[in-house]
Amino acid sequence: MNWSTPAALAALLLCPLAALAESRVTLESLLEEMVERETVARLPEPPYECRQASSYDRDSSDPGNDATWFANMDRSQFVRIDQRDGRKEYVMMDETGPGAIVRIWATWHGPGGGEFSNGTIRVYFDGEAEPTIEGPISEFISRGMLTGPPLSQGVSEKTPYRQRGHNLYLPIPYARGCKITYSTDVLLDRGAYEGEALYYQINFRRYDDGTPVQTFSLDRLAAARDTLRRVQQKLQERWRGDSDAWQTRQWTARVAPGGESVVARLEGPAAVRRLRLRLSADDPSQALRSTVLKIVFDGEQTVWAPVGDFFGTGYQVRPYASWYSRVTPEGDLACWWVMPFAESAEVSLVNVGDQTVEAVEGDLAAGPWEWDDRSLHFSSAWRQYSELPTRTNDEAGGTGAFDVNYVTVEGRGVYVGDTLTVFNGAASWWGEGDEKIYVDGERRPSHFGTGTEDYYGYAWCRPEFFEAPFHAQPDGTGNLNGGYSVNSRWRALDAIPFDESIRFDMEMWHWAKTKVNYAPTTFFYARPGAQRNVAADPDSAGQEVVLRREEIVDVFYVDDAIEGEVFTVVRSTGGEVSRQTSSQYDWSGEGQLWWIDAAPGDKLELSFPTERSGRRRVLANLTKARDYAVVRVWLNGEESEVGEIDRYNRSVDTDLVDLGVFDLKEGDNQLTFEIVGANPDAIQRHMVGLDYLKLEDAP
């Protein structure tokens with residue numbers, strides 16, 4: 001394919017930003033820019049810096065001091081406190097000069113907020129004394145005060161509202177400055193746990209002085225309704241924008257172990273616009289990791305990443321759809337990154353595994369591109385930290401956290417996103433750590449986050465699936481139970497330009513001492529000649545993928561135990577029943593069946609199977625703690641001879657309680673708990689925790 005000569009095609013190559021460079025930055029121009037995928041494939045015009053304001057712990061002051069650098073009180077931290085009209089306004093951000101807010105994320109907790117935060121957010125523009133935007137923070141960010149989904153949306157929709165991550169992607173430009181404040185009637189905590197706590201991140205652009213920007217107003221929002229509606233629809237539908245100017249090449253390939261198959265060679269100037277494929281192999285999971293996408297643009301290898309990680313699903317097929325990529329239940333993988341080149345492009349699949357990838361079906365679409373001194377090569381780098389030990393500095397009195405490098409790039413370009421594939425070795429949260437992004441040699445990062453899940457758009461370690469245009473969690477089951485998780489974040493208006501370098505670090509702060517496989521894939525554009533510190537790594541990509549925690553860590557199990565978390569809940573007269581997981585309490589399998597917030601008189605009936613009938617002594621390993629109840633227990637309708645069992649204890653612990661000898665049936669048996677009350681010293685949550693049952697033959 002060659003688009004280098006026809007003058008008629010050159011007219012198709014006019015960059016959508018050319019008009020923007022000659023006019024002011026407006027709400028409408030930013031909305032249009034958001035859905036023009038080729039925008040990030042050129043150096044920005046007009047130029048801008050991307051920065052972040054957040055509630056990160058200000059005690060994280062010195063990158064060279066581990067004692068402070070990993071401070072973790074990442075809530076209710078503000079620029080300052082303003083006194084205004086008899087109230088306190090906590091300043092979240094205060095910027096001067098032309099700019100635009102391009103992303104706001106927040107979540108909250110505490111007695112003041114409840115389901116919806118009672119706090120008020122105010123946005124002041126250009127030094128004005130009165131706010132242009134004022135209202136409840138939950139309404140402003142994710143409940144449609146300015147616009148609806150997907151630009152204003154919470155994720156993890158099956159969870160209570162207060163446990164969600166709340167995201168606003170509506171661009172909010174300003175000409176001379178912007179201040180954002182927060183107010184609440186309850187005390188915001190700094191180090192205590194009283195009152196409402198706010199966690200937030202604000203990504204904003206800082207344009208060069210003199211850049212003409214039209215300040216946001218509610219009237220201008222109303223005037224932009226047609227543009228907003230069109231952009232919202234494109235984002236909601238994940239509009240793909242196929243064009244008659246694109247030429248599509250279909251291909252198939254068979255790649256033997258150690259082999260490489262070139263699936264496309266293209267002549268430029270042009271740009272790859274779409275790439276799709278499906279893998280077929282005896283071991284599909286291994287194929288997703290050990291089949292590598294390799295792309296060489298203009299003689300430079302800029303893409304080397306396992307196929308599954310590149311398309312945001314890791315080494316398990318997990319369907320989702322974003323603005324840039326998509327995975328279907330059938331295993332079709334596709335992306336719509338714009339990948340320009342001046343002279344040539346070569347797309348290959350490399351098999352670093354030990355099985356043949358039996359068939360590879362796909363297609364590639366390319367279209368015209370005018371290569372100039374702002375054009376950038378698309379790049380993707382993958383690395384895996386295999387069996388990475390967590391909490392390595394606990395014994396030295398540290399926090400247990402340390403920084404892990406995603407990528408460092410030397411050169412000029414734009415950072416546009418990343419996917420993180422994790423296999424978690426413990427039934428505890430792996431992502432407490434904050435992102436730290438250094439641009440152009442900064443000593444302190446201009447992006448300092450509040451938690452890994454916050455960076456990826458959700459909150460509170462939630463394991464639920466979610467997908468949105470610019471962030472997704474196709475699988476979060478490993479977040480708290482241990483095992484597999486994959487998170488992605490992609491950038492449009494919040495893309496990060498760099499003139500000299502960018503370094504992306506993420507804290508590894510795990511709640512447990514364990515091992516994890518930690519594999520970030522990064523996406524960025526760069527001018528020819530840029531260098532990155534992540535090299536092709538066929539050894540790591542060729543490793544056998546991990547599907548069970550026992551493959552990288554020793555998981556504690558009690559022999560011949562019937563695990564409480566696998567019991568069937570027959571009925572409950574009150575409270576909530578769930579599986580609680582943690583590696584901190586020596587539970588067998590790192591989990592227990594957990595019954596909470598019931599009341600005296602409530603009963604929980606459970607079912608468990610046995611392989612044979614007979615007289616058995618039944619031992620129950622039960623949890624005890626400050627908020628646990630006094631209970632009675634029945635088995636197959638017969639009350640335990642133990643009588644009332646008080647599970648109050650000053651700390652979390654377990655012990656084996658002899659319930660007595662019972663007649664058990666082959667097949668299903670019924671175990672029933674009744675809450676009698678609580679110890680006078682107990683917190684009145686009336687909890688019951690069953691780790692496991694042990695059965696012993698009895699005469």
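Biologist: What pLDDT does the chain average?
Modeller: The chain averages 92, with pLDDT being the predictor's confidence in each residue, from 0 to 100. In all, 94% of the residues score at least 70. This is a predicted model, where local features need pLDDT of at least 70, side-chain atom pairs count only at pLDDT 80 or more, and totals for chains, interfaces and linings use all residues. Residues are numbered from 1 along each chain as its sequence is written, and side-chain values use heavy atoms, with hydrogens and water left out.

Biologist: Where is the pLDDT below 50?
Modeller: Over residues 1–22. Beyond near neighbours in sequence, that stretch has 36 contacts (heavy atoms within 4.5 Å) in the model.

Biologist: New topic: at what angle do α3 and α7 cross?
Modeller: Roughly 20°, with the axes of α3 (residues 27–34) and α7 (residues 225–237) coming within 10 Å. The two are therefore roughly parallel (angles under 35 degrees).

Biologist: Which residues make the contact?
Modeller: E28, L31, E32 and M34 from α3, and T227, L228, R230, V231 and L235 from α7. They divide into 5 nonpolar, 1 polar and 3 charged.

Biologist: And overall, how many helices and strands are in the chain?
Modeller: There are 12 helices and 47 strands, taken as DSSP runs (H or I, at least four residues, for helices; E, at least two, for strands).

Biologist: What box do the C-alpha atoms fill?
Modeller: Roughly 95 × 75 × 50 Å, taken along the principal axes.

Key
Axes fitted to C-alpha atoms, helices over the stretch in contact; angles between N-to-C directions. Parallel < 35°, antiparallel > 145°, perpendicular 65-115°, else oblique. Nonpolar A, V, L, I, M, F, W, Y, C, P; charged D, E, K, R; others polar.
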